[in-house]
Amino acid sequence: MDEGHSLQALADYTGSRLQGNAELRLHAVVSIEKAQAGELSYVRSAKYRHFLETSHASALILPPDLAETYRGDCLVNQNPYLAYAKAVTLLHSSPPPNAGIHPSAVIAEDAELAGLCSIGAKVVIESGTRIASGVIIEAGCVIGRDCRIGENSRLYPNVTLYPGTEIGKRCIIHAGAVLGADGFGFAPDGKAWFKIPQVGNVVVGNDVEIGANTCIDRAAMGSTIIGDGVKLDNLLQIAHNVQIGEHTAMAACTAVAGSVRIGRYCQIGGMSAIAGHLDITDNVVVTGTSLVSHSLTKPGVYSSGTTVVDNAVWRKNAVRFNQLDKLARRLQELERQLAVLQDKGSN
């Protein structure tokens with residue numbers, strides 16, 4: 001078994017205050033219900049206080065208010081969830097693949113690969129592409145012409161970068177993601193659709209993570225831009241010419257239509273839809289399954305849609321919703337008539 005790390009080393013790495021045995025060795029982070037001897041877990045709030053009495057973990061990560069009465073070994077941190085994330089990073093890190101190029105990889109003669117890259121089986125790298133030091137490209141990836149991949153970025157299996165795509169440093173792109181496919185651009189000619197050539201590209205900043213099977217379309221002209229530190233979940237659709245500001249996070253199954261501009265430090269809940277050509281300012285939170293149909297110009301939390309109810313209730317509400325316009329017109333007419341009567345009475 002891995003000897004793990006001392007509780008003191010974990011305290012230093014996570015920025016926590018140590019309470020207990022500094023030499024205690026821990027080798028894994030495990031859920032509070034299942035943790036055993038030699039393992040670390042965490043409790044993030046008083047809501048889960050009861051686990052302090054039942055957990056078999058050798059040590060816990062706790063907020064200060066819970067640590068005051070806890071008699072066991074622990075790491076004390078104002079943000080136990082962040083400390084947990086750092087502890088997992090330290091205790092569960094896996095060595096990267098060895099540098100080198102698999103014999104089955106197909107690489108254009110003029111492609112430039114810096115040292116310490118790892119290129120997996122069946123990878124295709126086309127002409128004019130430049131790949132920086134420390135990049136890991138796993139099996140089955142296709143890197144089109146004139147792409148750029150920055151230092152220490154990692155592409156998991158079967159990622160596709162269309163020609164001209166640019167990836168920054170320390171990015172993670174999960175399996176099946178497609179960056180740089182044509183945007184959905186067609187002009188009607190009266191009988192059919194005429195395809196509009198998409199001649200832009202996709203530019204991804206540094207420290208970006210892109211989830212599995214997410215699609216980011218190339219711009220019609222110019223660039224679709226994903227800012228530094230952006231985190232995109234699985235199965236997102238980002239259309240052509242979208243711009244996403246730094247450190248914005250977007251949950252799964254969200255769709256963003258063309259030419260939307262999303263600010264910095266936004267949070268977009270899962271299964272949301274954002275209509276085209278809108279602006280969303282910085283520090284906006286959109287809750288899950290929301291439809292954003294107009295620009296959001298002020299920071300804050302925004303929601304739309306209705307929560308699930310019994311089907312019979314929903315059907316009645318749907319009927320009433322379709323009657324809202326008639327009811328509103330009747331109310332306006334009644335208000336007009338009442339105003340006339342009040343005016344006559346005052347005379």
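Analyst: Tyr42, Tyr81 and Tyr84 form one aromatic cluster, where rings of Phe, Tyr and Trp (its six-membered ring) pair if their centres lie within 6.5 Å, and planes under 30 degrees apart count as stacked, over 60 as edge-to-face and the rest as tilted. This is a predicted model, in which local features need pLDDT of at least 70, side-chain atom pairs count only at pLDDT 80 or more, and totals for chains, interfaces and linings use all residues. Residues are numbered from 1 along each chain as its sequence is written, and side-chain values use heavy atoms, with hydrogens and water left out.

User: How many aromatic pairs does the structure hold?

Analyst: There are five aromatic pairs in the structure. One of them joins tyrosine 42 and tyrosine 81, whose ring centres are 6.2 Å apart with planes at 40 degrees, so this pair is tilted.

User: And why is the pair of tyrosine 42 and tyrosine 84 called stacked?

Analyst: The ring centres of tyrosine 42 and tyrosine 84 are 4.5 Å apart and their planes lie at 20 degrees, so the pair counts as stacked.

User: New topic: is tryptophan 193 buried or exposed?

Analyst: Tryptophan 193 is exposed, because its relative accessible area is 63% (buried means under 20%, exposed over 50%, partly exposed in between, with a 1.4 Å probe and protein chains only).

User: What does the side chain of asparagine 241 reach?

Analyst: The side chain of asparagine 241 reaches the backbone oxygen of methionine 221 at 2.7 Å.

Key:
Polar contact = N/O pair within 3.5 Å; in protein donor to acceptor, adjacent residues only side chain to side chain.
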